[in-house]
Amino acid sequence: MNIMVIAAHPDLHQSRASKALIRELNKHADIHIRDLYLEHPTWQIDVKKEQRMLLQHDRIVFQFPFYWFSCPPLLKKWFDDVLTFGWAYGPGGEKLLGKEFMIATTTGGTEACYRSGGENTYTISEFLRSIERTLTKCNGTFLPAFVVYRVTQATDADLANAAEKYAEFIKAPREVLIH
Ligand SMILES: Cc1cc2nc3c(=O)[nH]c(=O)nc-3n(C[C@H](O)[C@H](O)[C@H](O)COP(=O)(O)O)c2cc1C
């Protein structure tokens with residue numbers, strides 16, 4: 001399975017959590033990791049190139065820090081620009097049929113605050129619904145998300161441990177993730 005991870009952190013240099021996740025993935029030669037912000041300093045996205053890369057991979061993971069209950073803005077722009085009518089959706093837009101998509105995110109909030117009755121009322125999956133529907137409208141399969149909670153309080157060892165689980169998770173067959 002060809003896996004591409006599109007990491008969208010506005011300031012990866014200052015990151016602890018995303019950096020730890022990427023550090024672990026770098027040990028896996030079969031995972032193609034990209035830094036969306038580094039590749040697009042002017043926010044001009046080469047749509048044809050991105051679409052070509054999507055076609056070359058079976059599973060695409062969008063990795064980002066959870067910002068205001070959503071993804072950072074360049075990733076939203078990437079969705080807006082790359083998932084075009086007639087290519088990703090609409091008449092003849094079936095190029096992503098059979099592709100698997102996954103979100104990997106890190107939060108400041110605890111797991112307990114992401115639930116009904118908790119501080120943030122909703123689960124991460126509920127907050128991710130607009131991205132889920134975007135990708136299923138584009139004929140993709142949306143897999144369960146990988147979430148690392150409360151990273152702001154995590155030790156380096158906690159993050160390294162989470163990162164090992166992350167690498168395992170994103171390589172797991174669909175049947176293992178959906179049951
Ligand atoms: C602009 C901004 C918005 C944020 N919004 C949220 C949020 O909605 N929910 C949450 O749990 N954490 C939120 N956080 C905390 C980040 O998710 C957390 O700092 C990040 O996952 C840490 O990862 P890093 O070490 O890779 O930067 C926010 C942080 C920033 C800077």
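Let's start in the loop between strand 3, residues 59-65, and helix 4, residues 73-82: Phe 69 lies there. Keep in mind that this is a predicted model. Phe 69 is not a glycine, yet its phi is positive, about 60 degrees. As a general point, most residues other than glycine have a negative phi.

Look for Trp 43 in the loop between helix 2, residues 36-39, and helix 3, residues 47-55. Trp 43 comes out at 32% relative accessibility, and therefore counts as partly exposed.

Now the aromatic rings. How many aromatic pairs are there? The count comes to 16. Let me take two of them. One of the pairs is Phe 62 with Phe 101. Centre to centre, these rings are 6.1 Å apart, with 5 degrees between the planes. That pair is stacked. Where do the partners sit? Phe 62 is in strand 3, and Phe 101 is in strand 4, residues 100-106. They are 39 residues apart in sequence, so the pair ties those parts together. Both Phe 62 and Phe 101 are buried.

The other pair brings us back to Phe 69. Its ring pairs with the ring of Phe 127. The centres are 4.8 Å apart and the planes are at 25 degrees. Planes under 30 degrees apart count as stacked, so this pair is stacked. Phe 127 sits in helix 5, residues 124-127. Phe 69, as you saw, is in the loop between strand 3 and helix 4. The two are 58 residues apart, and the pair links distant parts of the chain. Phe 127 has a relative accessible area of 21%, so it is partly exposed. The cut-off for buried is under 20%.

Is Phe 64 buried or exposed? Its relative accessible area is 1%, so Phe 64 is buried. What does Phe 64 touch, leaving out residues up to four places away in sequence? Its contacts include Ser 70, Cys 71, Pro 72 and Leu 75. Ile 103, Ala 104, Thr 105 and Thr 106 are also among them. Ala 8, Leu 128 and Ile 131 are touched as well. Now compare sequence and space for Phe 64 and Pro 10. They are 54 residues apart in sequence, but 9.0 Å apart in space, C-alpha to C-alpha.

On to helix packing. Helix 3 and helix 4 have axes that come within 10 Å and cross at roughly 90 degrees. That is why helix 3 is described as roughly perpendicular to helix 4. Who makes the contact? From helix 3, Val 47, Glu 50, Gln 51 and Leu 54. From helix 4, Trp 78, Asp 81 and Val 82. By class, the residues of this contact are four nonpolar, one polar and two charged.

Next, helix 1, residues 17-25, and helix 7, residues 156-171. They pack at an angle of about 55 degrees, with their axes 8 Å apart. That angle makes helix 1 oblique to helix 7. The crossing is right-handed. Helix 1 brings Ala 17, Ala 20, Leu 21, Glu 24 and Leu 25. Helix 7 meets them with Leu 159, Ala 162, Ala 163, Glu 164, Tyr 166, Ala 167 and Ile 170. The class count for this contact is ten nonpolar, no polar and two charged residues.

Ser 18 is in helix 1. Its relative accessible area is 3%, so Ser 18 is buried. Setting aside neighbours within four places in sequence, Ser 18 is in contact with His 9, Leu 12, Gln 63 and Pro 65. Asp 158 is in helix 7. Here the relative accessible area is 42%, so Asp 158 is partly exposed. Asp 158 and Val 148 are ten residues apart in sequence, and their C-alpha atoms are 9.8 Å apart in space.

Definitions and conventions
Residues numbered from 1 in each chain as written. Predicted model: local features only at pLDDT ≥ 70, side-chain atom pairs only at ≥ 80, totals over all residues. Heavy atoms only, no water. Axes fitted to C-alpha atoms, helices over the stretch in contact; angles between N-to-C directions. Helix = DSSP H or I, 4+ residues; strand = E, 2+ residues; numbered from the N terminus. Parallel < 35°, antiparallel > 145°, perpendicular 65-115°, else oblique. Left-handed = near helix turned anticlockwise from the far one by under 90°. Contact = heavy atoms within 4.5 Å. Nonpolar A, V, L, I, M, F, W, Y, C, P; charged D, E, K, R; others polar. Buried < 20%, exposed > 50% of the residue type's maximum accessible area, 1.4 Å probe, protein only. Phe/Tyr/Trp six-rings, centres within 6.5 Å; stacked < 30°, edge-to-face > 60°.
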